[in-house]
Every structure is written in structure tokens, then in C-alpha cells.
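I set out to record the ring contacts and the open spaces of this structure. My entries follow the display.

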Amino acid sequence: MAAPRVDWRPHPLVQRAAVYAGCFLLVGLAVALLLEVLGRLGIVFFPVVTALFLTRVLSVPNQWLLRRGWRPAPAAGVVLVSFIALLVGAGFLIAPPMADEFSTLGDTLSEGTAEIEDWLVEDSSFDVDRRDIQDFKDDVEERGREALENSTDTIARGARLVIEILVGFVLALVLTFFGLKDGRQLHGWIVRLPTPRHRPAARAAARAAWSTLGGYIRGAALLGLLEGVIIGVVMAITGAHLVVPVMVLTFAAAFIPLVGAVVAGVIAVLVTLASAGVTEALIVAAVAILVQQFDSDLLAP
């Protein structure tokens, strides 16, 4: 007599979990490959994305000139040259005063360190004397010296990154000129790539993408204006210098995703530390963190 066959099948929940696990693995692999490709093509990806943002911003004055009878090439040239002149002017407004202010940062840090040292030795409840503090400072200096001696490769990579950013920005300006000059032809070529059946959907998607990009830029401008005004007012109240340059820098940094607001906040704190003192710098740091958190949680969406 033959043994009965056992028709074993996994539980439906197990089957569903296996399918979801396979999908997650495939999606994770695709994301990893995409990030790897973007990392290797960063020198191309950066100028293209930058040119896309610049083209969207500068398309407003460019269209204004085109509606008044300007030809595409002169209109794009005038708009781009005006933008470069604005960047250079902002650089002259921000860079020299900040360099002068940061030249006094070392003295301010020395004074703040001395005040903390006096408090630890004389007023705090910790059992600390001058010798312990000096040993700690010597140890920190030794570790910093060793880190600098072993950071040759890091410095070389940083220098290469700066050069790549500069070259990428120049390439982005070139791409922006052609985007302003030949934007209509480029749009027509893109929407003609799909089959005739799908071209209406491609046109709708292109219009939606262009409108969404404009909305993002307007939102970033609003957030940058709000953060710049609040941080500038707090710096003025605390007696810090360079209020207007920091406000301009905070506004511009809002257009850089992820790191722009953080860098602008750090610069505001350092400027306040150099020109007003440690306590005032801590106040500006607290306000900057609160404002950025408020913007991220309530205004950014």
C-alpha cells in the first residue's frame, strides 16, 4: 500500500512575508546602485541639478525680457551676467567683513576659555586645579598635532572636492545659459520622445515638474527670509556685528538642501562669538536651532 502524499504549503502569511522581503531586497539593491552611480557621476550630477535650479529661478526675468522683444541669446546673456554680478557683489558684501571679524575669534576664544578655567578652579564644586587643566590642554594640543600630521590624504581630498565644486559651478553656469536660451526647444524635444499616445501625459508631467520646482524655490526663499530676519534680529539685540551679511548668507543658504541652514547657523554663532561673547553666542545658537526646527516641522511641508 503506497504512503499517502502530503501536500505541504507555507502559510499564506509566510508567503506574503517572503514576497515583501524580496521586494524590499530588490528596492534596497536598486537604491544602493543608484547612489553608487550618482557618487561616481557627482561631477556631472552636481552641475546639471544646479543648472536646473538656476534656470528655474532666472527664467522669470528671462521671460520678462523675451516678452519685450529681446532675442533669446541676448536675453539669456544679460540675465546670467546680472546674476553673476549679483553673486560677486554679495561676496564683496559678506567675505571681507567676516574675514576681519573672524581674525579676532582667537582672542575671544582665549578669553572665554580663561573664564571657564577660572570658574572650574575657583567657583565650581569639582576638584580641579590649574595643573589638571594644563595637562588636559597639552593632551588636546598633542592629539590635534597628530591629527594634522596624519591628515595629508584628507587635505588632498578636500582640495580636490573644492576644485570639483568650482569646475561644476562654472559648467552649471554654461548649462544655465543654454537652458535659458534654448529652453523651449529642449522642452519640445523632451515631450516628443514618448510615443504620440503618451505625449499629452509627458507634457502634463513636464508642466507639473516645472511648477513644483518653482514652488520649492519660493518656499525655500520664504524660509530663508524668515530665518534670516529672526537670526539677524537676535544678533542685533545681543550686540553682534555683521548682522546684514549674516542675514544675506542665511537667506542664500536656505536654497541648499540639508546642510545650508546648518552652515548658516554655525556662521551666525561664530560671528556672534567673535564680536559679542560666549553667552551671546549660546543665545544665538539656541534661537537658530529653534527657528530651524520650527521651519522643518511647521513651515517646510
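The model is predicted, so I required pLDDT of at least 70 for local features and 80 or more for side-chain atom pairs, while totals for chains, interfaces and linings use all residues. Residues are numbered from 1 along each chain as its sequence is written, and side-chain values use heavy atoms, without hydrogens and water.

I then counted three aromatic pairs, pairing rings of Phe, Tyr and Trp (its six-membered ring) with centres within 6.5 Å, and calling planes under 30 degrees apart stacked, over 60 edge-to-face and the rest tilted. Phe53 and Tyr216 form an edge-to-face pair because their ring centres lie 5.8 Å apart and their planes are at 75 degrees. Phe53 lies in helix 2 (residues 42-67) and Tyr216 in helix 8 (residues 199-238), so this pair ties together parts 163 residues apart in sequence; helices are DSSP runs of H or I, at least four residues, numbered from the N terminus. The rings of Phe177 and Phe178 have centres 5.4 Å apart and planes at 80 degrees, so they too are edge-to-face. Phe177 is partly exposed at 22%, and Phe178 is partly exposed at 44%.

Terms used:
Helix = DSSP H or I, 4+ residues; strand = E, 2+ residues; numbered from the N terminus. Buried < 20%, exposed > 50% of the residue type's maximum accessible area, 1.4 Å probe, protein only.
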